Amino acid sequence: MTETTTAPSLGRWPLARAVEREMRVFSKLWRGTIFSTFLSPVLFLVAMGIGVGGLVDERSGGVQGLNYLAFIVPGIMAASAMQTASGDSLWGVMAGMKWMRFFHGMVATPLRPADVYAGKVVWTGMRIALSSTVFLCIASLFGGVLSPLGVLAVPSTILTAVAFSAVIAGWSATQETDKNFAIVFRMMVMPLFLFSGTFFPVSQLPDRIEPLSRLSPLYYGVDLCRMFTTGEPRWADAAINAAVLVAMAAVGWRFGTRSFTKRLAS
Amino acid sequence: MSVEEPLVMARGLKKRFGDFEAVAGIDVEVHRGEVFGFLGPNGAGKSSTMRMIGCVSPVTDGRLRVLGMNPREEGPAIRARLGVVPQEDNLDTELSVWDNLAIYGRYFGLPRPLIKQRAAELLEFVQLTDRKADRVEPLSGGMKRRLTIARGLMNQPELLLLDEPTTGLDPQARHLLWERLYQLKLRGVTLVLTTHYMDEAEQLCDRLVIMDRGHIVAEGSPRQLIDQHSTKEVVELRFATLDERESALPRLADLSGRVEPVGERVLVYTDDGDATLAAVARDGVEPASVLVRRATLEDVFLILTGRTLDD
């Protein structure tokens, strides 16, 4: 080789480059996502928190000593984080792999499949940071956030989103079509959305079913958010909840890195 | 080192997918400044070879060095100096024409002012400056391919890999693309391309290999390949039916050392087309139409494999 050939910069942060792509797209398309990421949780908040909540508070004096609005704010926060993260990681990954194939363009550069995967998951976390912050502000205007500790609910939703995204994006990369995606939403996302302590305490479930709620990763996310927004932190439980979500993210990460590599570099 | 290592060097290079051997042990060398081609029909192993050279597809067996490095260990460092134009468009349809180039520059870690300058120059080069703010989707096939070439040049690669660069394009778009590729060659960019069009290989390639079923069956410049493996001229006789062709075949075989039946046609290889044509008439063979032409790479492929390039 000639000595004069200088290697161009590899970019020290390939992951950041992959995230930058998502940011660039988001900066163009964010208006289209307002409804799903900002408005729809707020509608839930108004309908359930104020509408249903009025009835609940009138009849039973709230839930677990909280007014219903304050009870469901953390539920909605964590559940929408899961929902947005899942949708992005299903269809978003299929678009990059098959529909538009831009992931294949990315791995022809110094970026590796692992960077493309990581970029997707990290961006999902960033996007949730933004939407959760907006939601938290709105919820506090409605009086649904009872403590300044509530700000800790934002990192809790990020952790929830990353855990789901890590697993689901990894799985999407193994799929040839999106025909199973609706099933994932119906059979996994929806049941978790409803039965993870989101809208009612899991203690309301029949005794034999209640322990099953502990199998739901969302349960840990909701519980984390709730202890912060209501200002009743149980630090030991918080550590356990966070550990469950971190473990899920770590397992998903390992799996996703492999499935992306298998799919993009075979 | 005084003698420069080839930009691409493969020895016994293999790619297997399960039981299927897509590339069955090939030797290739590409030198700086040349336009090197892989010519062969679909499924010959050209794209698999390109993906290994592009360091996205791991080598199954054999030795491969690209830009003097080992793709297994230094994939990102090699890819930093390559440009890739894939067979299937993979432009970012969620972004504009300009943003496609800009984000690609970022994937290579280029600073923003440099990206601005290069993207503007490259859009000019591929004649898409007036479309820079547009979305990618409405662009024609030829424009998309040109944009993909511009994208592949953002990092000023030493080696540009083009997989079937003009497949699916209309003749006008193809010629424009060939002309742009020729300009790149004049600028000293080394090009490696795959094609199943013999005219593309003849127009562009300094040197090429003919691939068939994972093997290299011949290597050389287009001229050398034709001189070595084919006669100078070809007489094409087209018959009305396959039966007529069958009955004429033995008589034609007596006229020339080599005849190749292809559908209703018979190709007669000869160094003097007109003389052969006269002999055909004397023999009482009556084809529906006749054509005398110079031999092409298509003929070389037919002679070497017994099949045509679009099989």
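## Contact between chain A and chain B

In this predicted model, the contact takes 27 residues from chain A and 30 residues from chain B. Two residues are in contact if their C-beta atoms, placed from the backbone, lie within 7 Å. On the side of chain A that touches chain B, helix 1 (14-60) and helix 3 (102-106) each supply at least two residues. Helix 1 of chain A gives the most, with 6 residues. Helices (H or I, at least four residues) and strands (E, at least two) are DSSP runs, numbered from the N terminus.

The side of chain A that touches chain B divides into 14 nonpolar, 7 polar and 6 charged residues. Ala, Val, Leu, Ile, Met, Phe, Trp, Tyr, Cys and Pro count as nonpolar, Asp, Glu, Lys and Arg as charged, and the others, Gly among them, as polar.

## Strand 12 of chain B

## Partners of strand 12

Two strands pair if DSSP finds at least two bridges between them. Strand 10 (residues 233-238) of chain B runs antiparallel to strand 12 of chain B and is joined to it by 6 bridges. Here B:R238 has B:R265 as its bridge partner.

Strand 11 (residues 258-262) of chain B is also antiparallel to strand 12 of chain B, with 5 bridges. B:R265 is the bridge partner of B:V262. The hairpin of strands 11 and 12 of chain B has 2 residues between the strands, and B:G263 takes a positive phi near 60° there.

## Conventions

Residues are numbered from 1 along each chain as its sequence is written, and chains are lettered from A and ligands numbered from 1 in the order in which they are written. Because the model is predicted, local features need pLDDT of at least 70 and side-chain atom pairs count only at pLDDT 80 or more, while totals for chains, interfaces and linings use all residues.
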